[in-house]
Amino acid sequence: MVDAIYRGKVRSVSDKEVVIDNEGTRLPLEISTQTRIVRDGEDIRVTELKEGERVRATVNLVGRSHTREIAVLTGAEARRDAETQRRR
């Protein structure tokens, strides 16, 4: 298993796809029944994600890429991520 980790801001959400803004690039993340969506340590439905939320996505790159997890960044982690994005 080879994972890539992307961070960005949610731009759009549907049952099958979440699009994030990753360093100025729109990155579509395919959602499957095996994708875990997490906020504050709790599993949530993909449709509970909100546009503008900062997230960290873990994507398995082997074979056909598969989004394993999307975690909403909260509190200090979200602030650090926002500051890192501003510096770039």
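I started with Thr-67, which is buried at a relative accessible area of 4%. Buried here means under 20% relative accessible area, exposed over 50%, and partly exposed in between, with a 1.4 Å probe and protein chains only. This is a predicted model, where local features need pLDDT of at least 70, side-chain atom pairs count only at pLDDT 80 or more, and totals for chains, interfaces and linings use all residues. Residues are numbered from 1 along each chain as its sequence is written, and side-chain values use heavy atoms, with hydrogens and water left out.

I placed Thr-67 in strand β7. Strands (E, at least two residues) are DSSP runs, numbered from the N terminus. I then looked for what the Thr-67 side chain reaches, and found the backbone oxygen of Glu-30 at 2.9 Å. Contacts, meaning heavy atoms within 4.5 Å, came next. Leaving aside neighbours within four places in sequence, Thr-67 touches Leu-29, Glu-30, Thr-35, Thr-58 and Val-59.

Next, the sheet. I read it as open, with seven strands in the order β3-β2-β1-β6-β7-β4-β5 and mixed pairing. β3 (25-30) and β5 (42-43) are at the edges with a single partner strand each, so one side of each has no neighbour in the sheet. Two strands pair if DSSP finds at least two bridges between them.

- β2 and β3 are antiparallel over six bridges; Asp-21 sits opposite Arg-26 in β3.
- β1 and β2 are antiparallel over four bridges; Val-13 sits opposite Val-18 in β2, and a hairpin of three residues joins β1 to β2.
- β1 (residues 3-13) and β6 are antiparallel over seven bridges; Ile-5 sits opposite Thr-58 in β6.

A reminder to myself: in a regular strand the side chains alternate between the two faces of the sheet.

Last, the core. A nonpolar core is a set of buried Ala, Val, Leu, Ile, Met, Phe, Trp, Tyr and Cys residues joined through side-chain atoms within 4.5 Å. The largest one has 14 residues, and Val-18, Ile-37, Leu-49, Val-55 and Ile-70 touch the most other members. I found that β2 (17-22), β6 (54-60) and β7 (66-72) are the elements giving two or more residues to this core. β6 gives the most, with three residues.

I also listed the partners of Val-18. Beyond its neighbours within four places in sequence, Val-18 is in contact with Val-10, Ser-12, Val-13, Leu-27, Pro-28, Leu-29, Ile-31, Val-46, Leu-49 and Ile-70.

Notes: Polar contact = N/O pair within 3.5 Å; in protein donor to acceptor, adjacent residues only side chain to side chain.
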